[in-house]
Amino acid sequence: MKVMISQPMNGRKEEKIKEEREKIVEQFKKMHIEVIDTLFTEDAPEDCNTAVFYLGKSISAMKEIDAIFMCDNWREARGCRIEHQVAKEYGIKILYSDFFINKENSPTPIFREPLITPEELRRILKC
């Protein structure tokens, strides 16, 4: 099973983005679920809209996934909202930040044990 992380990036420091992503990836690894890397580091061509370039790469990566994980504050990020809509329109399962237990509703998730077992997740996703 493959999951993609949809994560707000605009206005955030790269180190915070990577730190949040690493915590999420570790939780999925514990469940034996592969997270595809959509943290693109290549430079966008000079003659294009950079945000659209990276969004296009993310949407293209969605052809390989079974589910998308929406990070906190995804509704405030235009790219995340678009990825969410693509997933919804094309029947890709959507997982939200409450998929993992979040201590005291912290905006930065402190992950504990998953709310569901890997077997339950596979049954839900039918894969």
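This note walks through a predicted model of one protein, point by point.

1. **Overall make-up.** The protein has 127 residues, and 39% of them count as buried. Its secondary structure comes to four helices and six strands. Read along the sequence, these follow the pattern β-α-β-α-β-α-β-β-β-α.

2. **Contacts and surface.** Take the contacts in the protein with a separation of 6 or more: 65% of them join residues 24 or more positions apart. The accessible surface comes to about 8200 Å². Carbon and sulfur atoms hold 49% of that surface.

3. **The largest nonpolar core.** This core has 15 residues. Ile5, Phe28, Phe69 and Phe99 have the most contacts inside it. Three elements each supply at least two of its residues: β1 (2-6), α1 (14-30) and β3 (67-70). Helix α1 gives the largest share, three residues.

4. **A look at Ile5.** Which residues does Ile5 touch, leaving aside its neighbours within four places in sequence? They are Arg21, Ile24, Val25, Val35, Thr38, Phe69 and Cys71. Phe69, like Ile5, is among the residues with the most contacts inside the largest core.

5. **A second core.** The model also has a separate nonpolar core of 13 residues. Among them are Met4, Met70, Trp74 and Ala87.

6. **Thr38, a loop residue.** Thr38 lies in the loop between β2 (34-35) and α2 (50-61). Is Thr38 buried or exposed? Its relative accessibility is 4%, so it counts as buried. Neighbours within four places in sequence aside, Thr38 is in contact with Met4, Ile5, Arg21 and Ala61.

7. **Salt bridges: Arg12 and Glu20.** Side chains of opposite charge can pair when their charged atoms come close. The structure holds four salt bridges. One of them joins Arg12 to Glu20, with the closest N and O atoms 3.0 Å apart. Arg12 is partly exposed, with a relative accessible area of 32%. Glu20 has a relative accessible area of 11%, which means it is buried.

8. **Salt bridges: Lys18 and Glu14.** Here the closest N and O atoms are 2.9 Å apart. Both residues lie in helix α1. They are four residues apart, about one turn of the helix. Lys18 counts as partly exposed at 34% relative accessibility. Glu14 is exposed, with a relative accessible area of 51%. The cut-off matters for Glu14: exposed means over 50%.

9. **Salt bridges: Glu26 and Lys29.** This pair also forms a salt bridge, with the closest N and O atoms 3.8 Å apart. Glu26 and Lys29 are three residues apart in helix α1, so about one helical turn separates them. Glu26 counts as partly exposed, at 42% relative accessibility.

10. **The largest pocket.** Its volume is about 770 Å³. The pocket is lined by 27 residues. Which of them are closest to its centre? Gln7, Met9, Asn10, Ala51 and Tyr54 are. The elements that give two or more residues to the lining are β1, α1, α2 and α3 (78-89). Helix α2 supplies the largest share, six residues.

11. **Backbone at His32.** His32 is not a glycine, yet it has a positive phi of about 60 degrees. It sits in the loop between α1 and β2. With a relative accessible area of 66%, His32 is exposed.

12. **Backbone at Asn73.** Asn73 also has a positive phi, near 65 degrees, in a residue other than glycine. Its place is the loop between β3 and α3. Asn73 has a relative accessible area of 49%, so it counts as partly exposed.

13. **Arg122 and Asp66.** Arg122 is in helix α4 (residues 118-125). It is partly exposed, with a relative accessible area of 27%. Asp66 lies 56 residues from Arg122 along the chain. How far apart are the C-alpha atoms of these two residues? They are separated by 9.9 Å.

Notes:
Residues are numbered from 1 along each chain as its sequence is written. This is a predicted model: local features need pLDDT of at least 70, side-chain atom pairs count only at pLDDT 80 or more; totals for chains, interfaces and linings use all residues. Side-chain values use heavy atoms; hydrogens and water are left out. A nonpolar core is a set of buried Ala, Val, Leu, Ile, Met, Phe, Trp, Tyr and Cys residues joined through side-chain atoms within 4.5 Å. Buried means under 20% relative accessible area, exposed over 50%, partly exposed in between (1.4 Å probe, protein chains only). Contact means heavy atoms within 4.5 Å. A salt bridge is a side-chain nitrogen of Lys or Arg within 4 Å of a carboxyl oxygen of Asp or Glu. Accessible areas come from the Shrake-Rupley method with a 1.4 Å probe; for residues, only the protein chains shown count as cover. On a 1 Å grid over the protein atoms alone, a cavity is a set of points where a 1.4 Å probe fits but cannot get out, and a pocket is an open set with protein on both sides within 12 Å along at least five of seven lines; lining residues have an atom within 4 Å of a point. Grid points are joined across faces, edges and corners, and a volume is the space filled by probe spheres set on the points.
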